[in-house]
Amino acid sequence: MGAFLEKPMTAKHNEHGEGNGLRYGVGSMQGWRCEMEDAHYSKTGLGEGLDDWNYFAVFDGHAGHKVADHCAKNLLQSIIRTQEFSNNDITRGIHAGFLKLDETMRDIPELASGADKSGTTAVCAFISGQSVYVANCGDSRAVLCRNSAPIFSTQDHKPILPGEKQRIVNAGGSVMIQRVNGSLAVSRALGDYDFKSAQGIDPCKQLVSPEPEIFCLDRDPTDEFLVLACDGVWDVMSNANLCQFIHSRMQISDNLEDITNQVIDTCLHKGSRDNMSIIIIAFPGAPGVSEDALKKEEKLEAALRTKIEEIITEMGPNVEYGLLLKQLSEQHIPDLPPGGGLDAKCSYVSKVFKELCPKLADTSEVGCY
């Protein structure tokens, strides 16, 4: 789980779609990790009498990708097939669906034998015309934004939280170095059956619980967007900063895939070492492209180019990309993207450097890291 590559894998996987008045974009990247263990699922219009319902989910796997992949393919059906969901008790249906899936996955041969010990966090959202249901199990996170600010966020399930720690201790475990038994960094997850073997204990009271925390929110015309993302994003971006950044990028572009990629690149440049996956779901109240914002961005990039040219000229023959970034970070540059700062313009800085110093670009570590 802790192995890293010499260079990050920066190729992106993207998806987008729209339906029921919503638009969404997905972005994911392996990054510095030796393996891509994230998974995701998005669907507008669920059919079977649920045409006006929508579902989005992000799964952050650990110790392998099998459980994350399985959950991405099966959690939705596990939930909507419950009797509770059929009876329009959405909260109980989501709860039952999580527990049912965690139970049935035990029979997968590799998991049953212990050959595969993987697990995954899960954060998902069901969105109807009136409501947003959010379920979280682990430390992936959902944040709802209004007026460029977070008005709701799930809580990360970490072993050091008093309630989580008490459950772990009651199940015969301990919390060391902020991990379950000194090993697992999350206190709730699907899979991870080595941490769910205490006899005679309810599944939700094991060392690691598959129980989701579920929230129901009324939709509001001022809702802008909902973000679902794994901790590779949240490790380096606060809720407020991410909301400000996405809000500002929506005024520059209506391409949600491109915005998710900008988020991922910004997080990589801010120092994230994990896999990264993010879904942005835009509501009708999301900001649109603004001529003023476009002009401000053009002015910013022109100013950045001028500063880059000046720094490279001052460096003379000793031009270094890393030193360029350092000197830029020490400059006063107005109107950088809110919530992202200079890190959000690393792709542009890299592009300009490659134009001005093409020979050096071939030999230098030029990129968003």
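**View 1. His-16 and its bridge partner in strand S2.** The bridge partner of His-16 in S2 is Gly-25. Strand S1 and strand S2 (residues 22-33) pair in the antiparallel sense over ten bridges; two strands pair if DSSP finds at least two bridges between them. Strands (E, at least two residues) and helices (H or I, at least four) are DSSP runs, numbered from the N terminus. The model shown here is predicted: local features need pLDDT of at least 70, side-chain atom pairs count only at pLDDT 80 or more, and totals for chains, interfaces and linings use all residues. Residues are numbered from 1 along each chain as its sequence is written, and side-chain values use heavy atoms, with hydrogens and water left out.

View 2. Six strands line up in the order S1-S2-S14-S13-S7-S8, with antiparallel pairing. Strand S1 (4-19) and strand S8 (149-153) stand at the edges with a single partner strand each, so one side of each has no neighbour in the sheet. On average, neighbouring strands are turned by 20° against each other, direction ignored. Helix H7 packs on this sheet and touches strand S7 (141-146), S8, strand S13 (223-229) and strand S14 (276-282), where contact means heavy atoms within 4.5 Å. The direction of H7 makes about 120° with that of S13. Helix H8 also packs on the sheet, touching S1, S2 and S14, and its direction makes about 30° with that of S2.

**View 3. Helix H7 against helix H8.** Two packed helices are described by the angle between their axes and the distance between the axes. Here, H7 (residues 239-250) and H8 (residues 256-270) pack at about 140°, with axes 10 Å apart. Axes are lines fitted to C-alpha atoms, for helices over the stretch in contact, and angles run from 0 to 180 degrees between N-to-C directions. That angle makes H7 oblique to H8 (under 35 degrees is roughly parallel, over 145 roughly antiparallel, 65 to 115 roughly perpendicular, and the rest oblique). H7 contributes Leu-242, Phe-245, Ile-246, Arg-249 and Met-250 to the contact, and H8 contributes Leu-256, Ile-259, Gln-262, Val-263 and Thr-266. These residues divide into seven nonpolar, two polar and one charged; Ala, Val, Leu, Ile, Met, Phe, Trp, Tyr, Cys and Pro count as nonpolar, Asp, Glu, Lys and Arg as charged, and the others, Gly among them, as polar.

View 4. Take a look at Ile-280 in strand S14. Ile-280 is buried, with a relative accessible area of 0% (buried means under 20%, exposed over 50%, partly exposed in between, with a 1.4 Å probe and protein chains only). Not counting residues up to four places away in sequence, Ile-280 touches residues including Gly-25, Phe-225, Ile-246, Met-250, Leu-256 and Ile-259.

**View 5. Helix H9 against helix H10.** H9 (residues 291-315) and H10 (residues 321-329) pack at about 125°, with their axes 10 Å apart. That makes H9 oblique to H10. Leu-304, Lys-307, Ile-308, Ile-311, Glu-314 and Met-315 of H9 meet Leu-323, Leu-324, Gln-327 and Leu-328 of H10.

**View 6. Two loop residues with positive phi.** Most residues other than glycine have a negative phi. Ser-148, in the loop between S7 and S8, has a positive phi of about 65°. Ser-148 is partly exposed, with a relative accessible area of 23%. Asp-335 has a positive phi of about 65° too, and sits in the loop between H10 and helix H11 (346-356). Asp-335 is partly exposed at 43% relative accessible area.
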